[in-house]
Amino acid sequence: MRKIFPNAEAALEGLLFDGMTICAGGFGLCGIPERLIDAIQASGVKDLTIASNNAGIDNEGLGKLLRTRQVRKMVSSYVGENKEFERQYLAGELEVEFCPQGTLAERCRAGGAGIPGFYTKTGVGTVVAEGKEHKEFDGETYILERGIRADLSIVKGWKADEAGNLVFRKTARNFNQPMATAGKVCVAEVEEIVPVGSLDPDCVHLPSIYVKRMICGAPYDKKIEFRMVRQRESA
């Protein structure tokens with residue numbers, strides 16, 4: 001099975017359609033599949049439901065898809081610094097399903113593992129629990145959360161071998177691993193593709209069975225959300 005494609009547009013060919021659900025890895029601008037996001041934007045596909053920790057920042061990452069009004073609903077844990085995300089939500093132009101961060105990660109992991117739902121204490125007694133089934137275990141109240149399954153997963157890796165085994169780098173691992181397993185099809189972009197046998201099997205974070213298509217997106221420019229430097233001390 002051919003997994004390596006020449007570019008993001010080719011890797012997504014035949015996978016995109018209006019109204020689809022996408023699981024997107026990344027956290028802020030860390031470990032985001034930016035080449036694939038750009039290709040989705042260029043495709044013009046619309047009415048998307050996207051599960052992601054957040055939506056990047058204004059006009060970066062998933063923020064690009066918000067600007068072009070291609071997103072109908074976000075399933076996220078954080079609005080954060082994206083002013084357009086905030087504006088669309090408050091104006092009623094964008095549906096947002098807020099989900100605690102750990103619960104979101106577990107919902108995607110559960111979906112990828114074939115688990116339709118699970119009980120958690122997180123959110124009990126808050127608006128998060130409204131409309132959800134409650135159940136007691138050992139005298140404690142839990143709420144039922146549904147696993148997330150998507151039509152497509154898009155993730156960003158550091159290294160991959162030609163078979164599609166992926167390694168994530170440090171904090172860029174974040175949501176990428178659980179998001180990758182939650183989609184019917186996972187497309188990955190990586191910084192480097194190496195021959196099979198080059199990766200230490202104990203260091204593989206995502207087995208190749210999950211990765212259906214892959215591109216090398218390098219070179220990348222490191223974008224920083226907040227540049228903070230220490231003031232120079234006077235001599």
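Lys-170 sits in the loop that joins strand 9 (166-167) to helix 6 (176-182). Helices (H or I, at least four residues) and strands (E, at least two) are DSSP runs, numbered from the N terminus. The model is predicted: local features need pLDDT of at least 70, side-chain atom pairs count only at pLDDT 80 or more, and totals for chains, interfaces and linings use all residues. Residues are numbered from 1 along each chain as its sequence is written, and side-chain values use heavy atoms, with hydrogens and water left out.

Most residues other than glycine have a negative phi, and most peptide bonds are trans. Lys-170 is not a glycine, yet its phi is positive, at about 50°. Its relative accessibility is 65%, and Lys-170 counts as exposed. Exposed means over 50% relative accessible area, buried under 20%, and partly exposed in between (1.4 Å probe, protein chains only).

Asp-47 also has a positive phi, near 55°. This residue is placed in the loop between helix 2 (34-43) and strand 2 (48-51). Asp-47 is partly exposed, at 39% relative accessible area.

A cis peptide bond links Ala-218 to Pro-219, with omega near 5°. Pro-219 belongs to the segment after strand 11 (213-216).

Val-211 lies in the loop between strand 10 (186-194) and strand 11. Val-211 is buried, with 1% relative accessible area. Beyond its neighbours within four places in sequence, Val-211 is in contact (heavy atoms within 4.5 Å) with Lys-3, Gly-164, Leu-166, Cys-186, Ala-188 and Leu-206. Cys-186 is 25 residues from Val-211 in sequence, with a C-alpha to C-alpha distance of 5.2 Å.
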